[in-house]
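Welcome! Take a moment to look over the chain below, and then let us walk through it together.

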Amino acid sequence: VYDRIRALRQEKGLTQKQVAEYLEVSVRTYGALEQGAKAKNSELVALAELFETSVDYRIGLTDQRTRH
């Protein structure tokens, strides 16, 4: 499930630093999210918006990327 966040970031051609800045967190904090640390609700929503997916896709509840 957490490898999705890395794959989505790489598909967009973004660095960890760029996503961390978008989320307004440190690179270390963002790196931890890619390694499986629990994300705050606000981070889940922000990542879904950035990657244009649903939160459900981001957390592995569905394999359908698009938002409903």
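How much of the protein chain counts as buried? Of its 68 residues, 34% do. Keep in mind as you read that this is a predicted model.

Now for the overall form. A compact globule with 68 residues would have a radius of gyration near 11 Å, and the protein chain agrees with this because its own value is 11 Å. If you follow the C-alpha trace along its principal axes, it spans about 30 × 25 × 20 Å.

What secondary structure does the protein chain hold? There are 5 helices and 0 strands, so to speak plainly, the order from the N terminus on reads α-α-α-α-α. Contacts also link parts of the chain that are apart in sequence: among those between residues at least 6 apart, 48% join residues at least 24 apart.

How confident is the predictor? The average pLDDT of the protein chain is 88, and 93% of the residues score at least 70. Confidence is highest in helix 2 (residues 16-23), with a mean of 97, and lowest in helix 5 (residues 55-58), with a mean of 76.

Most residues other than glycine have a negative phi. E24, however, has a positive phi, near 60°, and E52 has a positive one as well, near 55°. Where do they sit? E24 lies in the loop between helix 2 and helix 3 (27-34), while E52 is found in the loop between helix 4 (41-51) and helix 5.

| Residue | Phi | Relative accessibility |
|---|---|---|
| E24 | E24: near 60° | E24: 73% |
| E52 | E52: near 55° | E52: 53% |

E24 counts as exposed because its relative accessibility is 73%. E52, with a relative accessible area of 53%, is therefore exposed too.

Methods: Residues are numbered from 1 along each chain as its sequence is written. This is a predicted model: local features need pLDDT of at least 70, side-chain atom pairs count only at pLDDT 80 or more; totals for chains, interfaces and linings use all residues. Side-chain values use heavy atoms; hydrogens and water are left out. Helices (H or I, at least four residues) and strands (E, at least two) are DSSP runs, numbered from the N terminus. The radius of gyration is taken over C-alpha atoms; the globule rule is 2.2 Å times the number of residues to the power 0.38. Buried means under 20% relative accessible area, exposed over 50%, partly exposed in between (1.4 Å probe, protein chains only). Contact means heavy atoms within 4.5 Å. pLDDT is the predictor's confidence in each residue, from 0 to 100.
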